[in-house]
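Here is a short briefing on aromatic rings and their neighbours. Look through the structure first, then read on.

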Amino acid sequence: MNEVMNKSRSVVAYFSMEVGIETRVPTYSGGLGILAGDTIRAAADMKVPMVAVTLLHRKGYFYQRLNAEGWQTEEPVAWVPEDFLMELPGRATVQIEGRPVQIRAWVSEITGAGGFLVLVYFLDTDLPENSEWDRHLTDSLYGGDSRYRLCQEVVLGIGGVRMLRALGYRAIARYHMNEGHAALLGLELLDEEAKKAGRPTFNKDDIETVKRLCVFTTHTPVPAGHDQFPVDLINRVLERREVEEMKEFFCCDGMVNMTYLALNLSHYINGVAKKHGEVAQHMFARYTIDAITNGVHGATWASDAFASLFDRHIPGWRQDNFSLRYALNIPKEQVWLAHHTAKLELLRYVNRETNAGMDGDVFTIGFARRATAYKRPELLFSDVERLKRIAGNRRIQIVFAGKAHPNDQDGREIIHRIFEVGKNLKQEIPVTFLEHYDMEIARLMVAGVDLWLNTPQPPMEASGTSGMKAALNGVPSLSILDGWWIEGCIEGLTGWAIGGLPKEGDGPRTNDAAILYDQLEKTILPLYYEEQDKYVDIMRHSIALNGSFFNTHRMIQQYVLKAYFE
Ligand SMILES: *Cc1c(COP(=O)(O)O)cnc(C)c1O
């Protein structure tokens, strides 16, 4: 019923290379996919008519194993799409390197707090009609070489639009490209316009028409995060010479840059936090770039203990994350108790998986994100002797998690070194590294630690969302002022900063580790151990000030106002 309704209403079509609908559907790698899932869940809660398109990723991102020395190995994630998704009879076809490639779709229904549905379509090329190579196009998220990646983007962008048509969607008000991977959808829309007008190719008017339909969110200032393909490869895969003639559309030296394609075909463009909006504006000066700060989906990320606490004190918070503001009225003992319950749940998992012997009464630091150099996961270990002295006075224990991208050798070595340091510290400071960071482990960690640590090299952290998940669970952050934390940090009230605001012309940040240790030693640990009442006050403010704002309910409203139905 609902589906039929959606198809005739004007909808937002949300395209994302990865979508995290739940932990057992491994079609996400990290922040981008989780954000996509949280966006879709919020659209369902807020009754925003939306459909989402992504790829099936039969082998997932990868299953991470860590050996005794902390070296990562990767395996395909074994999962059974039939157990979670419903196969649809519709088919779409795209041309890849001159071959027709057939696509089918699987659907998941995401139900909002009020019963409203948003459908997510997972595209799949594993059909007997396709060649062996083509059958594997929708297997691996961020796997393979650039040819493989480009072919995936053809399936997502061009195949995605065609699949929506095949499924009966006519009135699509907006196409939202979540990152540049989906930018080829613009090319398909241009073709549709030309065809409608009976022209063989599109023209400037078509570009204006398509621009009015498209919205683009850019997610990273890191250059490797922006897809580029050699023009030759584009010619081979798409077999469309006119693309070469559209150089001004793609920019730069024999490469086709998907970010530029998306920028050129969108009337609204945004970064994912205020600071990131500025950084992106600087990177892409010819365009007008706004900012909508990311959020997280409250009901997804609140631990069971906090969800039931909120249910008792803030009825309706699931439909309306803004009402988390009233967390200030929840008695402190109950906040502490809910936190302690979440903490014991995490530590039970940690101790069972890693035999770390962690103690519910010991101050616990959490650090989990992709293991890569700019996130500086080892900053906490820059001066191990100092860390030991701090822990000698007031005990600490540390839980790490995170995958390294299979091609990121630096990232692999970081995990290994954290393992080594952890082993040497064992007597003084229990340190553990959990395998296979996924939504479930994230949910345990963000709620179960006492402090969420984030130490990126500014201004590389576009937003960051795990600290928002922690805030929702009353866990304050100790973080570099970058991404969302510039907006979320009220020193001593919602958490603590490491150093000042990033400024242009800043030299290397040689002081960050010392500041981190000072904050721990002089402010945070004494509060936690000797002035628990004040620590709980900070926990409540994390929920009331940050949980109530850095959520996808607020975020989706901003997209509605500024980008979707403006
Ligand atoms: C939230 C989340 C992320 C993203 O966290 P950041 O703070 O943005 O790095 C990555 N992976 C998983 C499993 C998550 O739940």
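Is Phe367 buried or exposed? Phe367 is buried, because its relative accessible area is 3%, and buried means under 20%, exposed over 50%, partly exposed in between (1.4 Å probe, protein chains only). This is a predicted model: local features need pLDDT of at least 70, side-chain atom pairs count only at pLDDT 80 or more, and totals for chains, interfaces and linings use all residues. Residues are numbered from 1 along each chain as its sequence is written, and side-chain values use heavy atoms, with hydrogens and water left out.

**Aromatic pairs**

- Rings of Phe, Tyr and Trp (its six-membered ring) pair if their centres lie within 6.5 Å; planes under 30 degrees apart count as stacked, over 60 as edge-to-face and the rest as tilted.
- By this rule there are 25 aromatic pairs.
- Phe363 and Tyr535 are edge-to-face, because their ring centres are 6.4 Å apart and their planes stand at 90°.
- Phe363 lies in strand E14 (residues 363–368) and Tyr535 in helix H21 (residues 532–547), so the pair ties together parts 172 residues apart in sequence.
- Helices (H or I, at least four residues) and strands (E, at least two) are DSSP runs, numbered from the N terminus.
- Both Phe363 and Tyr535 are buried.
- Phe367 and Phe400 make a tilted pair, 5.8 Å centre to centre with 50° between the planes.
- Phe400 is buried, with a relative accessible area of 1%.

**Cluster**

- One aromatic cluster is formed by Trp336, Phe363, Trp496, Tyr528, Tyr529 and Tyr535.

**Charges over rings**

- A charge sits over a ring if NZ of Lys or CZ of Arg is within 6 Å of the ring centre and within 35 degrees of the ring normal.
- Arg369 has its charged end over the ring of Phe367, 4.7 Å from the centre.
- Lys469 lies over the face of Trp301, 4.1 Å from the ring centre.
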